[in-house]
Amino acid sequence: MPFEIIQGDITKLRVDAIVNAANSSLLGGGGVDGAIHQAAGPNLLLECKTLAGCKTGQAKITRGYNLPAKYVIHTVGPVWCGGTNDESKLLADCYKNALLLAKENNLTSIAFPLISTGAYRYPKDKALKIAIAVIGEFISIEDMMVYLVVYDKSSFMLPEELTLSIKEYINEKYTKEPKRMFTGLREKTKYMVQELDCISDSNMELIDVVNQLDKTFSQGLLCLIDEKGMTDADTYKKANVDRRLFSKVRNDKYYKPRKSTAIAFAIALKLNIDETNNLLKKAGFTLSRSSKFDVIIEYFIENENYNIFEINEALFAFEQELLGV
């Protein structure tokens, strides 16, 4: 199952478990810890008192009580002391142990805050990089829906160098010309007309033209998967796409994906710009310099960065639709 970055209030999510960035006593505190205890009600504190605290990097589970979530997984993040006291390992352990605890309890969905970035002062860009790396590695093996919940955009920071690089690329490539309005059937019709213009025999029967139509998106995608020597599981996990959605693509040769889903598959297959556009055209889409979303995708492809979680991190920061999911 995929991984999604969302903006909102973690206490309001209807998932199997939310993660509490707790202190070592597990008896409540400020920030997200206090908000979760308040929303869950007094019984959460009563259960926490039976757990004898929690060490930094470890995780413990309780019921969710008045929360929409069934469970709360409490983990204690490290206090930032300049990065010299194993902070990165301890923070990674928070995510790993919370995910393992969710797996042990047969949970299928979990939501994390950005751990340790509040009162514990862990730099947000460094914390985000660790969170995405650990979660990405976990869901490449396990089937679990994972959310990273950002309360507001001030809590979310890309590395400054990456932000500047993407902004420069957007300024160079992005044009504010009117967006092309061809979508769906209209887009397919346009490409059919282009093909007809290339046909030398003007008397060719329509049935002959129809018989020359290209492969559908689904057929083209499955051929590319075979050419790349990838498995179905490799493909949908690297595309950040749910297994059930991929099953629809495989079983329906006329399946019409969203543009973001089609691009996600192109990223999973590590296609270059021309190959990406060829795949998108089969679904009636193309990359355009008049779309900021498309330009950001082009930036990552040109830089041969096919990590879909890092791409989604950038798309979220620039307030664009995410890939896959």
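Predicted model: local features only at pLDDT ≥ 70, side-chain atom pairs only at ≥ 80, totals over all residues.
A residue counts as buried when its relative accessible area is under 20%.

Neither cysteine is paired. A disulfide is a covalent bond between the sulfur atoms of two cysteines, and here the term is applied to sulfur atoms within 2.5 Å. A search of the whole structure returned zero disulfides. For C48, the nearest cysteine sulfur belongs to C54, at 10.0 Å. The closest cysteine sulfur to that of C94 is also in C54, and the 8.1 Å between them is too far for a bond.

The largest nonpolar core comprises 81 residues, and the members with the most contacts inside it are I73, I110, F112 and L323. The element that contributes most to this core is helix α4, spanning residues 124-139, which supplies nine residues. Another core, of 19 residues, lies apart from the largest one; L44, C54, L67 and V149 are among its members.

When residues up to four places away in sequence are left out, L323 touches N240, S260, I263, A264, I267, F293, I297, I308, I311, N312 and L315.

Helix α8 covers residues 217-227, and its buried residues are F217, S218, G220, L221, L222, L224 and I225. The cover over these buried residues includes four helices, namely α9 (232-238), α10 (243-251), α11 (259-268) and α12 (273-281). After α8 comes G229, which has a positive phi, near 70°.

Rolling a probe the size of a water molecule over the atoms shows where empty space is left. The largest pocket holds about 660 Å³ of space. Its lining consists of 27 residues, and those nearest the centre of the pocket are A21, G31, V32, D33 and G118. Two or more lining residues come from each of β2 (17-22), α1 (31-40) and β6 (145-150). Of the elements, α1 gives the most to the lining of the largest pocket, with four residues. Sorted by class, this lining has 13 nonpolar residues, eleven polar residues and three charged residues.

Terms used:
Residues numbered from 1 in each chain as written. Heavy atoms only, no water. Core = buried A, V, L, I, M, F, W, Y, C linked by side-chain atoms within 4.5 Å. Buried < 20%, exposed > 50% of the residue type's maximum accessible area, 1.4 Å probe, protein only. Contact = heavy atoms within 4.5 Å. 1 Å grid on protein atoms, 1.4 Å probe; cavity = no way out; pocket = protein on both sides within 12 Å on 5 of 7 lines; lining within 4 Å. Points joined across faces, edges and corners; volume = space filled by probe spheres on them. Nonpolar A, V, L, I, M, F, W, Y, C, P; charged D, E, K, R; others polar.
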